[in-house]
Each structure stands twice: as structure tokens, then as C-alpha cells.
Amino acid sequence: MEENNADLLKSYHSLPDLHKNVLNVFVIKFSGVAKYDALKYLQDKTGNKATQKDYQSVLNTLVDKQLVMLSVTSFDIPFSLKVELFPKLIKEEKYNSLLTKIQIEHNPFGHIPVTEY
């Protein structure tokens, strides 16, 4: 059953902090994370001191709540959730810095200033 955006947002706001941090990383990255790299990637990007087993449990919970979609090769979140949350998160220094870090990893010779979003 496909949930609508209001249900997804309600589920998002009721999540524990670690779960929200994982979703926020997906929102800021704005694209999926490869399954083979997801646990290590989340450990690096969330800034939490959690184990890969903890992140696997979080991802399983988020998939069950339909906040994270699992494809054959990657984890991602619904586009409607990205569009709703990105403008709010990018205003926070923590996520602004994370976006810059992600951009530099993908293009070490330059990044897009946040003001262009």
C-alpha cells in the first residue's frame, strides 16, 4: 500500500533521532545509497556513534514504515519526502556542511554554493 505524503511526514516526525538522522542524510544527498555501501556511508555521514548493526536495524524499520525504498541495488526515499524536507534541512548548519562535504567528494574541484539551491 502506497502511503501519501502527509502520512510519510507524520511517520517521519514520530521517529527517534537516529532514524531521523538517517533519513536526513538521504534527503541531503538527494539520491540513493548503494546497498553494499549503505551502512558504512551512514556511519560516516550521520555523525552518530552507532554500529553497522544498529544502522541495519534502522534501515529495516524505515523500509517497513515505507520511509525508505529498497531496490535491487540501493536504498532511497520517496521523492515527495525529499522535496518537502530538503528546504528545511538545508537551512541547518549541520546539513549545509554535510551537503558541501558530499559535493566535494563527488567533485573535488568545485561545489555548488548552497545559495543556488
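A contact, as I use the word here, means heavy atoms within 4.5 Å.

**Entry 1: ground rules**

I am working from a predicted model, in which local features need pLDDT of at least 70 and side-chain atom pairs count only at pLDDT 80 or more, while totals for chains, interfaces and linings use all residues. Residues are numbered from 1 along each chain as its sequence is written, and side-chain values use heavy atoms, with hydrogens and water left out.

**Entry 2: the whole chain**

I started with contacts. Among those in the protein chain with a separation of 6 or more, 61% link residues 24 or more positions apart.

Next I looked up burial, where buried means under 20% relative accessible area, exposed over 50%, and partly exposed in between (1.4 Å probe, protein chains only). Of the 117 residues in the protein chain, 38% count as buried. For the surface I used accessible areas from the Shrake-Rupley method with a 1.4 Å probe; for residues, only the protein chains shown count as cover. The protein chain exposes about 7000 Å², and carbon and sulfur atoms supply 56% of that area.

Then I listed the elements, which are DSSP runs numbered from the N terminus: helices are H or I with at least four residues, strands E with at least two. I found six helices and three strands in the protein chain. Read from the N terminus on, the order is α-α-β-α-α-β-β-α-α.

**Entry 3: the sheet**

**Entry 4: helix 3 and what follows it**

I asked which residues of helix 3 (residues 38-46) are buried. They are Ala38, Leu39, Tyr41, Leu42, Lys45 and Thr46. Looking down the axis of helix 3, I see these buried residues fall within an arc of 160°, so they line one face of the helix. The arc is taken over the directions from the helix axis to the C-beta atoms. Just after helix 3 comes Gly47, with a positive phi of about 80°.

Thr46 turned up again when I looked at Asn21. Asn21 sits in helix 2 and is buried, at 13% relative accessible area. Leaving out residues up to four places away in sequence, Asn21 touches Thr46, Asn48, Lys94 and Tyr95.

Phe30 has a positive phi of about 65° although it is not a glycine. This residue lies in the loop between helix 2 (17-29) and strand 1, and with a relative accessible area of 34% Phe30 is partly exposed.

Gln66 is another non-glycine residue with a positive phi, near 60°. Its place is the loop between helix 4 (52-64) and strand 2, and at 32% relative accessibility Gln66 counts as partly exposed.

**Entry 5: salt bridges**

Here the cut-off is a side-chain nitrogen of Lys or Arg within 4 Å of a carboxyl oxygen of Asp or Glu. How many salt bridges does the structure hold? There are three.

- Lys45 pairs with Asp44, the closest N and O atoms lying 2.7 Å apart. Lys45 is buried at 8% relative accessibility, whereas Asp44 is partly exposed at 40%.
- Lys82 pairs with Asp76, with 2.9 Å between the closest N and O atoms. Both Lys82 and Asp76 are buried.
- Glu84 and Lys88 meet through their side chains at 3.3 Å, N to O. They are four residues apart in helix 5 (residues 79-89), a separation of about one helical turn. Glu84 is partly exposed at 30% relative accessibility, and Lys88 is partly exposed at 48%.
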